[in-house]
Amino acid sequence: MCQELLEIPIAEDKHESRIATLRALANRHQRIIAFADSVENVFCYAGLMQFLTNTLVICFLGFLIVTSHDSNEVLMKAISYYVVVNVEAFVLCYTGEYLSSKIYRETLFLSKSISQSAYASLWYELRPTESRILKLLILRSQKQPALTAGKFVDLSLESFASILKASASYMSVLRAMY
């Protein structure tokens, strides 16, 4: 794609060829962006359900651990389940962090390449309508994708910390009401 941007024909008699090339490049870039968006849509709502249920389960298990003073057997079961749910929430958020950083690095490299190639092309010798297509391609290549939980919160280690913080807050409210 970058090579094709650099090889856009500049000759005046190649106007139709330039337009066709620019449109093909813009369509190809749009398909790449659509693929990243479709991956986000597949994991979006599953991530939201995991995010919310992990928050609630951690909250209630923490409450059970705090309030179970007399039964060591219940306490041990609750602590082991509490650790497993925390690990599950961590894996979910770490996976989102890893994929987002991986996608970010790849798209940053690709976006920089596309932007630099479009800028390095002889855009100043194109007609204004043709150079607008390049300008839109440069602008669109600067948007970075991210995996989210229901399009509300990015799945990252920061969101894992917010799960733990929210669970502790809800647990303290339940403890105060108990």
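## Aromatic pairs

Phe 90 and Tyr 94 lie 4 residues apart in helix α3 (residues 72-120), so about one helical turn separates them. In this predicted model, their ring centres are 5.8 Å apart and the planes meet at 20°; the pair is therefore stacked, since planes under 30 degrees apart fall in that class. Phe 90 has a relative accessible area of 35% and is partly exposed. Tyr 94 is likewise partly exposed, at 43% relative accessibility. Together with Phe 160, Phe 90 and Tyr 94 form one aromatic cluster.

The whole structure contains 3 aromatic pairs. One of them is formed by Phe 63 and Tyr 178, whose ring centres are 5.5 Å apart with planes at 90°, so that the geometry is edge-to-face. This pair links distant parts of the chain, 115 residues apart: Phe 63 belongs to helix α2 (residues 15-67), and Tyr 178 to the segment after α5. Phe 63 counts as buried because its relative accessibility is 18%, under the 20% limit. Tyr 178, by contrast, counts as exposed at 66%.

## Surroundings of Thr 148

Thr 148 is part of strand β1 (residues 148-149). With a relative accessibility of 11%, Thr 148 counts as buried. The side chain of Thr 148 takes part in a polar contact with the side chain of Glu 40, at 2.3 Å.

When neighbours within four places in sequence are left aside, the residues in contact with Thr 148 are Glu 40, Phe 43, Cys 44, Val 153, Asp 154 and Leu 155.

## Chain organisation

The chain has 5 helices and 2 strands, arranged along the sequence in the pattern α-α-α-α-β-β-α. Of the contacts between residues at least 6 apart in sequence, 79% join residues at least 24 apart.

Buried residues account for 32% of the 178 residues. The chain exposes about 11200 Å², of which carbon and sulfur atoms supply 65%.

## Model confidence

The average pLDDT of the chain is 79, and 82% of the residues score at least 70. Confidence is lowest in helix α1 (residues 2-6), with a mean of 61, and highest in helix α5 (residues 157-177), at 89.

Notes. Residues are numbered from 1 along each chain as its sequence is written. This is a predicted model: local features need pLDDT of at least 70, side-chain atom pairs count only at pLDDT 80 or more; totals for chains, interfaces and linings use all residues. Side-chain values use heavy atoms; hydrogens and water are left out. Buried means under 20% relative accessible area, exposed over 50%, partly exposed in between (1.4 Å probe, protein chains only). A polar contact is a pair of N or O atoms within 3.5 Å; within protein, one must be able to donate a hydrogen and the other to accept it, and residues adjacent in sequence count only if both atoms are side-chain atoms. Contact means heavy atoms within 4.5 Å. Accessible areas come from the Shrake-Rupley method with a 1.4 Å probe; for residues, only the protein chains shown count as cover. pLDDT is the predictor's confidence in each residue, from 0 to 100. Rings of Phe, Tyr and Trp (its six-membered ring) pair if their centres lie within 6.5 Å; planes under 30 degrees apart count as stacked, over 60 as edge-to-face and the rest as tilted.
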